[in-house]
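Please read them beside the structure.

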Amino acid sequence: VTITVNHGVILNFSPNPQAICSGQTSQAVTISTASVGANITWTSQANGAGGVAASGTTTIPVQTLTNTSNSPIQVVYAAIADYAGCITQPFDYVITVNPIPTVTNSPLSQTVCESIPTQQINLSSAVSGATFTWTASSPNGVIGFSSNGSGSTIAPQTLNNPADTAGTVIYIITPTANNCAGPSSQYIITVNPTPNIVLPPAQTICNGDTSQIVSIASNVVNTGFSWQSTSPLGVSGNTPSGSGNIPEQVLVNTTNNAATVTYTVTANANGCINSNTYSITINPSPSVTFSIPPQTICSGSSTTLVNLSSSTSGTSISWTANIPNGITGATVSGTNTIPVQTLVNNTFQILTVSYTAQAVTSGVVCPGTTTTYSSTVNPTPDVFANPTNATICSATQKNIQISSSVSGTNFSWSVN
């Protein structure tokens with residue numbers, strides 16, 4: 001009896017096991033053996049991959065394989081040989097189909113105000129081990145961003161928008177996993193501008209006057225404005241707060257010096273805040289002080305010099321005299337001092353020269369209230385005797401009446 005023992009059959013695959021990305025085409029695989037006459041067949045186990053050929057003989061054909069999951073899939077091809085009626089154990093060949101990673105951040109955007117740091121962007125993908133590269137650009141002039149980078153985060157950045165409208169920075173993010181690059185995704189950062197505040201020139205008004213309306217504007221559309229005012233002691237009439245333009249106000253300054261109401265204006269555009277200040281200065285109504293009390297002199301005498309001053313700094317003072325008929329020697333007008341004057345009262349009545357003084361502020365001229373100073377000039381009394389002459393006998397009497405045109409004159413006499 002002859003027993004023939006066939007040698008074991010070994011199957012060889014060429015090329016070696018493959019790893020491809022989902023949607024790519026595999027290489028054709030040739031299955032061979034040194035055993036002449038062996039018949040080779042194979043069957044496949046797709047394990048969830050798409051595009052897998054079910055079975056074949058000596059060649060595993062080119063295939064476009066897909067993997068819609070988030071993990072690698074191994075497609076297993078089990079090959080056997082029939083040699084002289086002997087069936088080999090299966091020889092496995094594996095093609096690994098790696099998934100295509102995608103960026104899974106949601107939302108793919110954020111909005112910030114210029115000069116405020118962005119939030120850190122943590123990049124994510126459902127495919128484990130994904131890495132990311134990115135490039136950035138701005139189509140409308142935003143500056144301050146990094147133009148490219150890699151890693152799982154985009155660090156906070158302080159972005160500036162020089163325009164008056166919203167600008168954007170567009171990040172093109174590409175994920176990669178197992179050497180398979182996924183589709184690029186856009187991440188958009190919208191950068192709203194800081195609203196500027198356009199104010200008219202500051203105002204200076206006089207005590208008790210009405211200020212002008214303050215029109216507030218911005219180059220950034222849809223900017224809203226609010227404001228608050230602060231005033232020093234002695235100033236009243238200012239509106240404490242409001243929105244929009246600052247209205248007319250009757251402002252009163254009861255102090256001796258210029259005082260300022262300060263308005264803090266806040267602009268808000270799309271949540272982006274800016275502030276500025278506006279001022280209205282109120283000049284006081286300066287008063288005049290005289291260095292000595294009112295004077296009373298006799299006709300033909302000289303007055304005393306009067307210095308005029310004001311507790312408000314920087315004022316100029318002028319005066320005019322109201323000179324009654326019968327007075328001569330009076331100065332009609334002047335500044336700062338009422339000079340020495342020799343005043344003559346040509347009547348028999350008491351007459352008064354009135355000096356009306358007023359101080360005005362410098363810069364914006366604000367007149368103060370008028371103040372009056374007086375110099376009273378008493379007349380020189382005349383004397384009348386009635387009779388002017390008399391002859392009497394010895395040891396007799398004669399009454400002589402003495403009078404004056406000036407009321408209230410007192411007399412004294414002596415005998416020569």
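1. Ser14 stands opposite Thr30 in strand 3. The strands concerned, strand 1 (residues 11-14) and strand 3 (residues 29-33), pair in the antiparallel sense over 4 bridges; pairing requires at least two DSSP bridges between two strands. Strands are DSSP runs (E, at least two residues) and helices are runs of H or I with at least four residues, numbered from the N terminus.

2. Strand 3 also pairs with strand 6 (residues 59-60), in the antiparallel sense over 2 bridges. Here Val29 stands opposite Ile60 in strand 6.

3. This is a predicted model, in which local features need pLDDT of at least 70 and side-chain atom pairs pLDDT 80 or more, while totals for chains, interfaces and linings use all residues. Residues are numbered from 1 along each chain as its sequence is written, and side-chain values use heavy atoms, without hydrogens and water.

4. The protein chain has 0 helices and 36 strands. Its radius of gyration is 55 Å, well over the 22 Å that the globule rule gives for 416 residues, so the chain is more spread out than a compact globule. (The radius is taken over C-alpha atoms; the rule is 2.2 Å times the number of residues to the power 0.38.) Along the principal axes, the C-alpha atoms fill a box of roughly 220 × 30 × 25 Å.

5. Of the 416 residues in the protein chain, 35% are buried, meaning under 20% relative accessible area, with exposed being over 50% and partly exposed in between (1.4 Å probe, protein chains only). Val383 is exposed, with a relative accessible area of 58%, and lies in the loop between strand 34 (371-378) and strand 35 (384-386).
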